[in-house]
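Hi everyone, thanks for coming. I'd like to walk you through one model today, going from a single residue out to the contacts between chains. Here it is on the screen.

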Amino acid sequence: MNRKTLFVLLTLFTLLFGGTISAQEVTTVTWWTEDYVDIDALNALLVEPFNAANPSIKLEVIPQTSLDEAVRTAFAAGSAPDILQTPGASFIGEFVDAGLVYPLSSAAAELGWQEKLLPWAYESGILNGELYSIPLTFESMILMYNKTLFEENGWTAPTTFEELQAIAEAAQAQGINPFGYGNSGFQPANEHVVGVYLNNYAGAENVYAALTGEKSWTDPEFAEAIELLRGHMADVNWFNDSLETWFAYGWNEQWTALSTRESAMMIIGTWGFRGADEFFGETTDEWDWAPIPPFSSNLPEYNYMLATGSTLSVNGQSANPEAAIAVLDFLYSDPARVLQIASGYNYGEFVVPLKFAAEDFPEGTDERIARFYADFGAVTAEGRVGYTTWTFWPADADVQLWQEIENVWYGEMTVETYLANHQAVWDEARADGAVPPIPTR
Amino acid sequence: MLKQQRAQSVLPNYIVLSMLALFALVPIIILFMNSVKTTVEIGRNPIGFPQEIRLDNYLEAWDEGGYSNTIRNSFIMMSATIVVSLTVAGFAAYALARLKLRGSSLIAFYFLVGTSVPPQLFMVPLFVMWRQFGLINTHLGLIIIYVGLYSPFATYLLRSYMVSLPEEFIEAARIDGANHWQVFRSIILPLSWPGFLTAGLVIGLNVWNEFLFAVTFLPDPSLKPVATSLFEFQGRFSRDWGLTSAGSVIMVIPIIVLFLLLQRRFIEGLTQGGLKG
Amino acid sequence: MAESVLIPKSNSQPVKVKQGQSFWPTLGRWSFILPLLIINLIIVIIPSVFGLLLAFTDWSGYGPINFIGLDNFSKLFQDAIFFKSLSNNLIWTALFLTVPIAVGLLGAYMLSGIKRGQILFRVIFFLPYVFASVVNTQIWRQILHPRVGIGPILADYGIPFLDFPIFGTRETALFAVAFVDGWHFWGFLVILYLAAMTAVDAELYEVARLDGASRFQQFRFVTLPSIRPTLVFTILMITIWSSLVFDYVFIMTGGGPANSSEVMGTYLYQNAFQRFDVGYAASVGVMMSLWVMLAVAGFVYLRRRGWDI
């Protein structure tokens with residue numbers, strides 16, 4: 001016992017005093033990132049090249065479990081990293097309010113970031129006229145489907161709501177669920193469908209008007225959109241095979257369903273490229289994607305919803321903001337490098353919203369993925385964009401949106417009450433100045 | 001003791017125990033089967049036998065989870081926490097169980113209420129304090145936290161054990177002129193072995209499975225404990241269930257070894273039969 | 001107050017320290033408990049007080065802190081979701097104070113009666129408690145899955161009662177999560193109870209048997225009174241832990257569907273980390289602590305009324 005205690009004490013002392021870091025001449029820049037990144041790949045593709053090119057700066061990227069909680073705690077103790085990564089735009093407002101973010105407008109002008117980044121993405125970081133954040137990855141919602149199943153049935157990717165409905169009904173007649181999706185393991189997945197129905201039924205124009213306060217969420221087009229979703233979810237069972245199974249399907253189940261023809265389609269973000277690749281890899285079926293068609297005949301053409309997966313900012317308390325800016329600039333100045341990193345996630349992460357050219361994509365990029373980025377660029381350049389809830393909604397309104405929708409689905413709350421509550425949370429957020437930046441349309 | 005057991009049939013015991021064992025074990029068997037499947041196969045065949053046994057999952061999980069490092073870190077923190085907690089809790093339990101302390105009910109109340117605050121609430125203030133003390137990114141800092149968190153539980157467990165010890169032993173020692181410390185050392189400690197082993201096991205297991213404090217107080221990845229290895233198999237929305245299952249089995253093996261070691265001592269302690277007088 | 005009201009009565013009396021011939025000063029007695037008090041004060045109490053004080057602020061988690069008096073509490077008392085969580089916590093407590101304790105006692109009592117294979121059963125019973133919550137929940141989600149789980153299989157054999165989405169049905173979600181949490185927890189109680197049961201004097205059983213006591217009567221009149229301190233201890237701990245319950249609910253349902261399995265722990269998390277309202281979250285935390293204080297005070301009261309618990 002005594003010897004054991006001594007051993008433990010000795011180990012403790014070596015741990016305490018052996019681990020101190022020797023002083024260094026170079027400036028260290030720390031960047032805490034999500035723990036699901038492949039840190040070895042990121043070190044090889046970003047950190048080492050950056051450190052080699054900038055001998056006076058030492059970049060350290062450290063994955064953190066529950067990143068936002070870690071950052072919050074570190075802020076309280078004054079030990080937050082130099083580069084702040086947040087899981088979404090709603091955090092930036094909180095950070096800026098608390099004076100924790102370094103303003104980037106002048107650096108951006110000097111380094112020409114506005115020319116390098118997609119305009120909407122650049123604008124999404126501007127709060128009260130000042131640039132505070134830039135998306136680390138962007139994404140959009142798409143319609144994925146089992147291509148082999150579609151071909152065998154003579155279905156083609158739907159371009160109108162009537163076509164979508166015809167396919168859904170034909171699939172159900174065969175005992176196949178139109179959509180496989182659910183929120184098991186990630187309750188906010190509800191907002192993926194709510195956002196799509198608002199955007200694709202009520203139209204992005206109206207959503208924009210409501211985001212900017214020109215319109216109310218209680219207006220009839222939004223009520224109809226939510227009612228349409230409620231019907232699909234609870235009455236005609238388009239998702240899995242009943243409302244209740246929505247809560248039993250998570251990532252694994254939904255991909256298994258799509259790749260084994262239990263379901264025909266999936267409305268999902270472009271992070272889904274990753275799952276498609278993995279789960280279809282072990283079947284003889286093929287997957288493909290299409291833009292989500294408009295759900296209303298009033299809407300002439302499809303658009304792409306804009307979304308940022310995570311954002312980058314510079315810590316306002318950082319001792320070396322210039323060095324942190326140099327890291328960001330290194331990332332924004334080399335689209336090919338960004339795409340090489342992103343390819344490691346099948347373009348589900350690290351897709352920095354730069355103006356990519358076709359030749360920036362690494363050789364052998366999946367045709368379907370290349371097609372998405374080409375079309376996304378072309379369509380959004382025409383201003384045909386929609387808005388995802390996790391990027392353009394204030395935190396409170398977003399939580400209300402994905403949480404109370406369950407009450408609507410179960411018939412415990414009317415669509416009118418749901419939207420009235422939604423408008424109330426929005427009003428409150430607007431009064432508090434908590435509305436995230438909305439790029440002008 | 002054995003003779004008495006024979007007086008009564010043990011068959012009903014075995015029937016009940018087997019049913020309980022089945023209840024506990026079936027899901028664990030499914031977990032083992034999943035640990036040699038790919039994630040895609042788990043999706044299609046989540047509770048059946050594996051089509052093909054992929055032992056590679058274990059190698060891959062070992063590697064990706066960084067287990068050689070995290071197990072070492074956890075082992076250091078676990079053993080230190082067990083030793084310190086049992087010492088602190090042993091003394092405290094003795095005081096609560098056997099020494100008439102004025103206000104001991106107040107102390108009991110204090111500890112119970114202290115364990116009722118949700119950790120998410122006191123984490124931030126604690127972090128700020130630990131930063132002042134320079135204890136962030138050290139195992140020592142976390143060990144102190146674990147001792148503070150788990151000792152009250154151990155104290156109560158040990159106390160409940162110590163109050164049921166026969167009074168005569170202590171009286172006898174007292175008549176011989178032993179002081180509190182001597183009573184504790186020569187009477188209470190030897191007789192409370194099963195309690196200490198159980199408390200040590202519970203504390204060890206708590207430390208082994210803890211990650212909420214570890215991820216916050218150890219930002220340096222090289223210091224992270226074994227429970228955080230399971231996070232390595234997670235994506236933004238997805239999780240590699242094959243590797244997660246294999247990783248969780250890897251994580252459990254050291255605990256089972258510890259359990260067997262402690263429980264063997266436990267049985268030995270009983271067969272000495274000191275208690276039966 | 002000659003005897004502690006909180007601490008369960010035992011068969012034996014505490015050591016009497018005679019005032020006149022005190023061989024050890026009072027400080028000596030206190031020195032046994034002082035280390036624990038100091039560590040606990042630093043780790044839990046001081047930070048907790050700061051944490052709970054946030055209930056009187058509108059802190060978002062970042063930046064300046066403004067005191068807003070009792071606003072959070074007046075909001076809380078009109079919050080239907082909070083009351084739903086509170087009642088779910090009460091249901092949870094009632095479930096855990098009965099089912100796992102009963103199964104744990106049964107397992108421990110059966111184990112205490114055998115020698116051969118005891119260690120094997122111990123390991124098996126303890127296994128669910130050892131595995132990480134993230135895998136335990138996943139296995140049960142699969143076993144109870146409406147499409148691939150045992151529900152449809154049993155239904156084929158004419159046993160349809162599990163053939164529905166048990167986690168997606170509002171009436172069953174909370175119970176389903178409690179079942180899975182209970183499955184992983186009861187083995188832990190077996191270990192605690194067994195440790196206590198092995199300390200029971202074997203002669204007592206012999207006497208009972210000579211009097212013709214059945215197996216159940218032996219349990220009722222010998223085992224149960226002898227392990228009472230441990231039993232009371234587990235009841236208190238389960239009451240406290242039930243107010244804190246978080247991980248199994250958070251992983252399996254996130255409090256859904258439609259808040260049907262929301263507990264105070266998940267509601268606190270949601271306010272602190274998804275809504276940026278740490279002040280409000282802290283007021284939920286205050287209620288959790290208050291509830292535990294009430295429960296503990298209830299124990300004190302019952303003991304004073306002479307209840308034999």
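Let's begin in chain A, with A:I325, which sits in helix α15, residues 321–332. One word of caution before we go on: this is a predicted model.

So, is A:I325 buried or exposed? It counts as buried, because its relative accessibility is 9%, and the cut-off for buried is under 20%. Leaving out residues up to four places away in sequence, A:I325 touches A:Y102, A:L104, A:A107, A:L111, A:W113 and A:V314. For a sense of distance within the chain, take A:T256: it lies 69 residues from A:I325 along the sequence, and their C-alpha atoms are 43 Å apart.

Staying with chain A for a moment, let's look at where chain C meets it. This contact involves 32 residues of chain C and 35 residues of chain A. The buried area here is about 2,800 Å², with carbon and sulfur atoms giving 51% of it.

C:R170, for example, forms a salt bridge with A:E412, and the closest N and O atoms are 2.5 Å apart. On the chain C side, the elements that give two or more residues are α6 (133–143) and α13 (264–274). Of these, α13(C) gives the most, with 5 residues. By class, that side of chain C has 14 nonpolar, 13 polar and 5 charged residues.

Now please turn the view to chain C and chain B. How many residues does each chain bring to this contact? Chain B gives 111 residues and chain C gives 111 residues. The area buried between them is about 10,200 Å², and carbon and sulfur atoms give 76% of that. Between chain B and chain C the rule finds 0 salt bridges, while 9 residue pairs are in polar contact, again with both at pLDDT 80 or more. The side of chain B that touches chain C has 75 nonpolar, 27 polar and 9 charged residues.

What does chain B look like by itself? Its secondary structure comes to 13 helices and 0 strands. Its C-alpha atoms fill a box of roughly 70 × 60 × 30 Å along the principal axes. Chain B has 277 residues, and 63% of them count as buried. Among contacts in chain B with a separation of 6 or more, 72% are between residues 24 or more positions apart.

I'd like to finish with a lysine, B:K37, in the loop between α2 (11–34) and α3 (39–44) of chain B. B:K37 is buried yet has no salt bridge. Where is the nearest side chain of opposite charge? It belongs to B:E41, 5.0 Å away, and a salt bridge has to be within 4 Å. The side chain of B:K37 does make a polar contact with the side chain of B:N34, at 2.8 Å. Beyond four places in sequence, B:K37 touches several residues, including B:I42, B:F49, B:N57 and B:G242.

That's my tour, so over to you for comments.

How values were computed: Residues numbered from 1 in each chain as written. Chains lettered and ligands numbered in written order. Heavy atoms only, no water. Contact = heavy atoms within 4.5 Å. Buried area = accessible area lost by both parts, 1.4 Å probe. Polar contact = N/O pair within 3.5 Å; in protein donor to acceptor, adjacent residues only side chain to side chain. Nonpolar A, V, L, I, M, F, W, Y, C, P; charged D, E, K, R; others polar. Helix = DSSP H or I, 4+ residues; strand = E, 2+ residues; numbered from the N terminus. Buried < 20%, exposed > 50% of the residue type's maximum accessible area, 1.4 Å probe, protein only. Lys, Arg positive; Asp, Glu negative; His and termini not counted.
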